[in-house]
Amino acid sequence: MSHGDTNRESVTLSVPEMDCSSCASKVEGSVSEVDGVASVDPTPTTGKVDVTFDPAKADATDVTAAVEAAGYEVAAGGPADAEDDPGSVWRSGRALKTWAAGGFLVLALLSELVVPNGNPTLVTALGTEWGLADALLLGAVVVGGEVIVRNGYYSARNLSLDIDFLMTVAILAATGLSVAVPGENFLVEAASLAVLFNLAEVLERYSVTQARESLEELFSLAPDTAVVLRDGDHLEVPVDAVDVGETVIVEPGEKVPMDGTVTDGESAVNEAPITGESVPVDKREGDEVYAGTINQQGYLEVEVTSVADDSTLARIIDLVESAGENRTDREQFVDRFAGYYTPVVTAAAILTATVPPLLVGDWVTWAVRGIALLVIACPCAFVISTPVSVVSGITSAARNGVLIKGGNHLETTGEVDAVALDKTGTLTTGELSVTDVVPLNDNDAADVLACARGVESRSEHPIGDAIVDHAETEGAEAADVSDFEAITGKGVRADLDGTTHYAGKPAFFEDMGFDLDHVHVRTDGGAVAAGGAGATPAAGAVDGDLRAQCERQGCLDLLEETIPRLRGEGKTVILVGTEDALEGVIAVADTVRPDAKAAVAALREAGVEPVMLTGDNAGTAEAIAAEVGIDRYEAGLLPEEKVAAVEDLREEFGTVAMVGDGINDAPALAAADVGIAMGAAGTDTAIETADVALMADDLSKLPYLVDLSRTANGVIRQNIWASLGVKALLAVGIPLGYVSLVVAVLAGDVGMTTAVTGNAMRLSRVRP
């Protein structure tokens with residue numbers, strides 16, 4: 001139970017058998033009658049009821065009693081604790097009654113074929129001879145109709161004109177006509193109604209339970225207990241008893257119980273349950289790990305950073321659960337339509353049963369046709385078609401590392417015509433790395449990196465960090481560093497083994513007196529000559545012999561060609577050298593994600609126009625756009641200018657999605673029809689603010705998201721129009737006598753319910 005303000009409390013109950021709109025209507029009506037209840041929000045797709053009440057007038061026990069008074073059992077615990085697996089549906093009480101009633105119906109039909117004289121008379125009453133087949137049919141009506149009539153009673157008590165009430169009227173009317181009208185026998189129709197409607201309800205329950213099960217799989221990801229290191233002992237305790245700051249032990253093969261930071265050990269961790277990324281991620285001291293991920297091989301000690309109810313996984317579960325409550329435009333249309341459809345068809349049923357007999361007689365025939373219209377008066381398949389599809393699509397996306405925060409966002413993403421992509425952190429990794437090392441003056445790459453590592457080792461600049469990391473990876477030797485100095489806006493200097501070295505922008509070296517106009521680089525990467533200090537080049541001067549050598553070997557001018565080329569590729573150029581000579585050139589860049597080019601191509605193939613928006617300079621933007629295959633880009637944009645760019649794209653294309661990091665691009669994400677955050681795992685702001693979150697830094701999930709959303713929209717449209725079409729045909733055919741009572745149940749209820757739920761389950765098979 002959670003507390004709101006001082007005058008309100010709320011409780012969430014798990015009601016597994018509440019799996020349709022009529023069920024939700026009865027529960028809502030019953031709970032609303034409890035004194036002190038302020039609001040009731042039943043969600044049949046998840047089997048939950050959220051109730052807010054005044055604790056001075058009611059409590060959770062009163063709410064539970066009201067739900068049970070509506071005819072539904074409240075499961076202990078939450079949805080994850082409810083034993084509601086698809087297999088159990090076939091063993092439920094309603095299913096067993098359905099099988100028994102079906103057995104009676106089959107035996108009755110067989111008796112007509114097997115027993116001599118067809119239906120031998122057992123008793124004569126009310127002017128009608130009742131035989132063995134009639135007794136079996138009556139048994140089917142009683143056994144199968146009991147649960148229907150009981151639910152119909154609750155519907156009537158709550159003044160709900162739902163399918164249970166309408167089917168109750170139809171079964172009782174068909175049975176009553178058989179008993180009250182001599183020579184008329186509609187027990188076959190009554191028994192068929194009872195069996196087929198129950199079968200439809202069981203199938204619907206099975207399909208909805210399948211959708212729920214995909215959500216409940218999320219609950220099972222995180223373990224219930226954790227091994228905590230307390231006073232030197234390893235204690236296994238419930239995760240709810242572990243506090244922030246404590247250390248938990250994760251052995252190989254175990255799940256990480258809570259979000260935290262690795263304090264000891266190294267291992268590869270499978271983060272697929274959170275990010276959808278199938279490749280394990282190496283974790284070492286200082287790295288974050290998430291609850292529900294799987295430690296594959298090494299021993300880890302993890303300092304807990306959030307309680308169990310506030311973990312990344314817990315937030316994902318909460319958002320996926322609430323996503324089904326965020327209604328799509330089509331779902332709202334369906335609800336509005338259903339509000340008119342049921343009363344209109346019910347009125348048509350009454351008119352069909354009463355008006356024609358006054359004109360042409362044969363009131364029994366018209367009464368049966370009126371009953372058939374009652375059977376199709378409740379649009380169950382029509383109403384459930386959208387929410388089941390939404391739940392199936394959203395839970396499928398969550399299992400693949402894509403968090404969609406509502407059915408409306410799923411629907412809108414399927415209509416996207418253009419995608420605006422931020423550059424840094426979206427198309428690129430957002431982390432600088434060394435891309436080129438050009439040695440000069442008889443140095444090799446190892447020499448250049450060794451000097452650069454020493455000079456930059458004490459720098460706090462991201463470029464310096466990238467150079468040091470790369471040098472360490474390449475095994476460059478570390479020198480003794482002293483007398484370090486950072487020269488703001490230019491570069492750094494330090495003494496390496498007693499010799500002063502510099503690293504910085506080309507302009508920094510020009511200010512030191514280097515004539516970069518006379519530095520040439522062979523096209524094979526070697527050095528032809530390097531300009532020395534002072535206004536007049538010394539040994540590095542390019543004389544006639546050197547020019548001839550350049551022509552023979554092929555070379556490029558450092559200032560006029562090499563540096564512009566590197567900068568044109570979106571790279572930052574750093575020179576390394578001493579006071580007397582340049583030692584080499586290092587290029588650093590924010591590297592493009594390896595999956596960016598394929599993702600952009602997939603978007604374009606899907607008919608979605610990719611556009612890059614960045615605050616970086618035009619040269620870098622052009623280079624990155626060319627590398628990933630984007631034709632349109634806008635550079636040098638401030639946050640408010642990105643918003644304007646998104647609005648311009650909306651005017652040009654219609655529906656636009658914006659992909660960014662979820663924080664810096666928040667205004668543009670909000671301005672787009674769909675805001676998509678990259679790499680949201682563990683990032684509260686991204687998860688809370690974005691409409692859609694790609695839990696891993698994986699752009700390949702973007703085309704998957706578009707594909708899933710478009711497929712979902714197609715499934716929803718198919719379900720809606722198929723349901724409407726079948727109902728319309730039945731509504732026209734029944735009064736004309738072309739559709740029997742049994743066919744109305746088979747086509748209008750059993751068939752369509754099974755078809756729309758089965759169609760919705762296709763979304764679980766869409767893969768990245």
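Author: What follows takes the helix first, then its patch, then the other places.

This is a predicted model, in which local features need pLDDT of at least 70 and side-chain atom pairs count only at pLDDT 80 or more, while totals for chains, interfaces and linings use all residues. Residues are numbered from 1 along each chain as its sequence is written, and side-chain values use heavy atoms, with hydrogens and water left out.

The helix is α4, residues 93-114; helices (H or I, at least four residues) and strands (E, at least two) are DSSP runs, numbered from the N terminus. The 22 residues of α4 should span 32 Å at 1.5 Å a residue, and its end C-alpha atoms are 31 Å apart, which agrees. The expected span is 1.5 Å times one less than the number of residues. Buried residues in α4 are R94, A95, T98, A101, G102, L105, A108 and S111. Here buried means under 20% relative accessible area, exposed over 50%, and partly exposed in between (1.4 Å probe, protein chains only).

V114 also lies in α4, but V114 counts as exposed because its relative accessibility is 63%. Together with V106, L107, L110 and L113, V114 forms a nonpolar surface patch of about 510 Å² accessible area. Accessible areas come from the Shrake-Rupley method with a 1.4 Å probe, and for residues only the protein chains shown count as cover. A patch is made of residues with over 30% relative accessible area and no salt bridge; like charges are joined within 9 Å, and nonpolar side chains (Val, Leu, Ile, Met, Phe, Trp, Tyr) within 5 Å. A salt bridge is a side-chain nitrogen of Lys or Arg within 4 Å of a carboxyl oxygen of Asp or Glu.

A patch of negative charge is made by D224, D240, D309, D310 and D318 on the surface. Lys and Arg count as positive, Asp and Glu as negative, and His and the chain ends are not counted; the place of a charge is NZ of Lys, CZ of Arg, CG of Asp or CD of Glu. D310 sits in the loop between β15 (300-304) and α9 (312-323), and its relative accessible area of 39% makes D310 partly exposed.

Helix α6 (residues 163-180) has 18 residues, which should span 26 Å at 1.5 Å a residue; its end C-alpha atoms are 25 Å apart, which agrees. Among the buried residues of α6 are I163, M167, I171 and L177.
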